[in-house]
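Hi everyone, thanks for coming. I'd like to walk you through one model today, starting with the whole chain and ending with a few single residues.

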Amino acid sequence: MKQNRKREKFFTDDSAIFKYNGFVDEAYRFVLEKQLLKPDLWKKFVDQFRTDADIINNGWRGEYWGKTMRGASLCYSYTKEEELYDILKTTIIDMIESGNESGRISSYSVEKEFNGWDMWCRKYVMLGMEYFLEICKDGELKDRIISSLRSQADYIISKIGEEEGKIAITATTDLWRGVNSSSILESFVRLYALTNDEKYLKFSRYIIELGACEIENIFNLAFENELYPYQYPVTKAYELISCFEGLLEYYIITGDEKSGQTVVNFADKILESDFTVIGSCGCTEELFDHSTVRQANTTNSDFSQETCVTVTLMKFMNRIYKITGDPKYIDAFETSFYNAYLGTFNTGGYVDFKTIKNTPECIMDPMPFDSYSPLVWGARGTTAGGKQVMADNSYYGCCACIGSAGVGMLHKTHVLGNEHSIAINMFIDGTVKTKTPNGEPIIITTKTLYPKDGNVEIYIDVEKNEDFEILIRNPYWSKNTTVKVNGTSETTADGYITLKKQWSKGDKIELCFDMRTTVIRPVPYDSQVLMNKVIWDHNYIVPTFDREDPIARNHIALRRGPIMLATETRLGNENGGPLDIAIGEDGTVDSKESTTKIPFECIVKVDVPLSNGEFITLTDYSSAGRVYDGSVKMAVWIRNS
C-alpha cells in the first residue's frame with residue numbers, strides 16, 4: 001500500500017536495507033526459526049478455515065493466520081529471507097483457495113457466521129493479505145490478492161450495515177459490546193487505499209459514525225478527551241487500540257482533522273493513565289484499569305501485561321509518531337521493546353506448565369512467545385493466552401501469533417525521513433542503507449553496546465555532499481546527554497537534537513547518554529472506581545471499586561537508560577525481598593556493571609548497593625525469569641522496605 005505522506009511528518013523508506021548485529025538480529029532470527037519458517041504451521045492455520053473450526057466454541061483460531069502473516073511480512077522486510085518469502089507466497093495462495101465460490105473466507109460456517117469472533121478473524125485475514133502486498137514481488141499474485149480482498153469485503157458489506165435487512169456491525173458478536181468486530185475498520189480503510197473504491201470508504205465511515213460500540217461512541221469519547229480509556233464502557237485494551245488503529249489509517253487517507261485529533265487524544269490518555277514501567281497496559285488481565293497507578297499492587301491479577309496489548313501498543317505508538325513527529329511516542333515504543341516485549345521471548349523452549357496440567361492430551365510444542373509479564377513478585381509462564389486446541393490436538397495462542405510483529409516494527413521505527421530531515425530514533429549496532437532527503441544514497445553505521453551502556457557512535461557515508469538535518473532522539477530519561485560532530489560539541493535539546501550541516505563521507509556523530517540508575521516510586525492513591533458507573537450505569541463488566549494495596553508504597557522500580565532492572569530467584573532474592581537498596585538524595589542508585597557470574601544470559605547486569613554496604617545483582621527485566629515451570633520468580637517492582 002502506498003503511504004499518503006501528506007499526513008505523515010516522517011515516513012519509512014521501504015527500499016531501505018537494515019543489517020543489525022547482536023541480540024537485535026538474533027531476535028529476528030529466533031522468530032524465523034521458531035515460527036515463520038514452518039510450512040506445516042502455516043498449513044494448519046489455513047486448515048481452520050477449511051473446517052469451520054471456530055464453530056466449536058465461538059473461538060478465534062481464525063485470527064492466527066492473519067496475525068502471523070502481518071508479523072512475517074514485517075520481518076521479511078528486514079531479513080529479505082527468500083525461504084520465508086516462498087513460504088508466505090505459498091500460504092497466501094492456500095488461504096485464497098480456502099474460500100468458497102463467492103470468495104468468502106471465514107473460520108465459521110455460513111449458518112453460524114457473524115457471531116463470536118468471526119468478524120475479528122475476518123479482519124485478520126484481510127490484514128494479513130494487505131501487509132503481504134507491501135512485500136509482494138509478483139504482479140499477478142497482487143491482482144489475485146486484491147481480488148480476494150474485494151470478495152471478502154463485498155460479502156461483508158452485503159450482510160452488514162445500517163440498511164434494512166442488514167446486521168449492525170456491533171451486533172455481529174455478543175462480546176465486548178461489538179468493539180472486537182468493529183476493529184475490522186482498519187482492513188476496510190486499507191482496502192480503500194488499495195482500490196480507491198468508494199464503497200469501502202463508505203463502510204469505514206459507517207463504523208466510525210456508529211462509534212464501534214453498541215452503547216456509546218468510543219471515538220467521540222476520545223475526541224471529547226474527558227475520560228480515560230479505563231473509564232470507557234468497554235475496557236478491553238487490545239480491541240480498543242485496534243479500533244483506533246483503524247481510525248488513524250482513516251485520518252491518513254482522508255485528512256479528517258477530527259479523526260487525527262481523536263487518535264492523538266486516545267494515545268496520550270493511554271500514556272498518562274495506563275502505561276507501566278515495562279511498557280505495557282493492564283494489571284487486570286487484558287483490560288485498561290488505570291495501571292499507571294495500580295502497577296505496584298501485589299493484589300493485581302497474575303494474568304496481566306498481555307503480549308497482544310504490548311505489541312499492538314508498539315504498533316500504535318509507531319503510527320502516532322509518524323503523524324505527529326513527536327519523539328515521545330518513540331520513547332514509549334523503546335520502553336515496550338526493551339522490557340515487556342523482549343521479555344516475552346521463549347528462548348528456553350519451555351511449555352506452559354499449567355497447560356500441561358490442565359490439558360494433558362495436547363501436543364506440547366513450545367510457542368515462541370509468552371503471554372503475560374509479571375510486575376511484582378511472580379512468575380512468567382502463568383498461562384498460554386488465547387490458547388485454542390486444533391483438530392490435530394496441538395494448540396496455539398493469540399500472543400504467540402502477534403509476537404513477530406513486535407520485532408518486525410523495529411527497523412520501521414529506527415531511521416525515518418521527510419523532505420528535509422533524517423530522524424534517527426533508535427540506537428542499534430549495525431548499518432542502514434537508505435536515502436537522503438534529496439534521494440541520494442546514504443549509509444548510516446552505528447557502533448554501540450546500547451542499551452548496555454550509553455555510548456553511541458554514528459558514521460555517515462554519502463556519495464555526494466548534501467545539506468540536510470539529522471535529528472537524533474534524545475530519550476526522556478537521559479538528563480545529561482552530550483553530542484559531538486567530528487569532535488566538536490553540539491547543543492542538546494529535549495525531544496530531538498537537531499544537527500544541520502553539509503554532510504560528507506566519513507562524518508562522525510558521538511553520543512553519550514546519561515545511564516544513571518534512577519528510582520521510580522509508585523503513584524500514590526487511596527481508592528478509585530475502575531469503570532465509571534455514574535455515566536455508564538450498566539457495563540459489560542461490573543464496575544470495580546479498587547483500593548490501593550498498602551504494600552505497594554514499599555516498592556521501587558529501577559530504570560537504567562531504557563532498561564528496567566529486575567530481581568529474581570536465581571539472583572539471590574529467594575522470596576521477593578525486601579532488599580533495602582541504598583538510594584541517594586538525588587533519587588539515583590550508584591549501580592555498577594557487574595562481574596558476578598549468573599546462571600542465564602542477559603543484556604545488562606549491574607551490582608546495586610544495599611544500605612548495609614553489601615550488593616545485590618540485578619539484570620534487565622527482559623532477561624529475568626525465563627523459566628516457565630513456576631520455580632523462578634521475579635519482579636520489576638522491588639520491595640525495598
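Let's begin with overall size. The protein has 641 residues, and a compact globule of that length would have a radius of gyration near 26 Å; the protein has 24 Å, which agrees. Along the principal axes, the C-alpha atoms fill a box of roughly 75 × 60 × 50 Å.

Now some housekeeping. This is a predicted model, where local features need pLDDT of at least 70 and side-chain atom pairs count only at pLDDT 80 or more, while totals for chains, interfaces and linings use all residues. Residues are numbered from 1 along each chain as its sequence is written, and side-chain values use heavy atoms, with hydrogens and water left out.

On to secondary structure: the protein contains 19 helices and 24 strands. These are DSSP runs numbered from the N terminus, with helices being H or I of at least four residues and strands being E of at least two.

How much of the protein is buried? The share is 63% of the 641 residues. Here buried means under 20% relative accessible area, exposed means over 50%, and partly exposed is in between, using a 1.4 Å probe and protein chains only. As for contacts with a separation of 6 or more, 71% of them in the protein are between residues 24 or more positions apart; a contact means heavy atoms within 4.5 Å.

Let me zoom in on Lys-67, which sits in helix 3, residues 63-79. Is this lysine buried or exposed? Lys-67 counts as buried because its relative accessibility is 0%. Leaving aside residues up to four places away in sequence, Lys-67 touches Tyr-124, Tyr-238, Cys-308, Cys-398, Cys-401 and Ile-402. Ile-402 is 335 residues from Lys-67 in sequence, yet their C-alpha atoms are 5.4 Å apart in space.

Val-608 and Leu-618 are ten residues apart along the chain, and 7.1 Å separates their C-alpha atoms.

What about cysteines? The structure holds zero disulfides, counting as a disulfide any pair of cysteine sulfur atoms within 2.5 Å. For Cys-281, the nearest cysteine sulfur is that of Cys-283, 9.4 Å away. Cys-281 is buried, at 0% relative accessibility, whereas Cys-512 is partly exposed at 32%.

Tyr-450 and Pro-451 are joined by a cis peptide bond with omega of about 10°, and Pro-451 lies in the loop between strand 7 (441-448) and strand 8 (455-462). Another cis peptide bond links Gly-577 to Pro-578, with omega of about 5°; Pro-578 is in the loop between strand 18 (563-568) and strand 19 (588-589).

Glu-285 has a positive phi of about 55°, and its loop runs between helix 12 (257-273) and helix 13 (291-294). Asp-52 is partly exposed at 25% relative accessibility, and Glu-285 is partly exposed at 40%.

Note on methods: Rg over C-alpha atoms; globule rule 2.2 N^0.38 Å.
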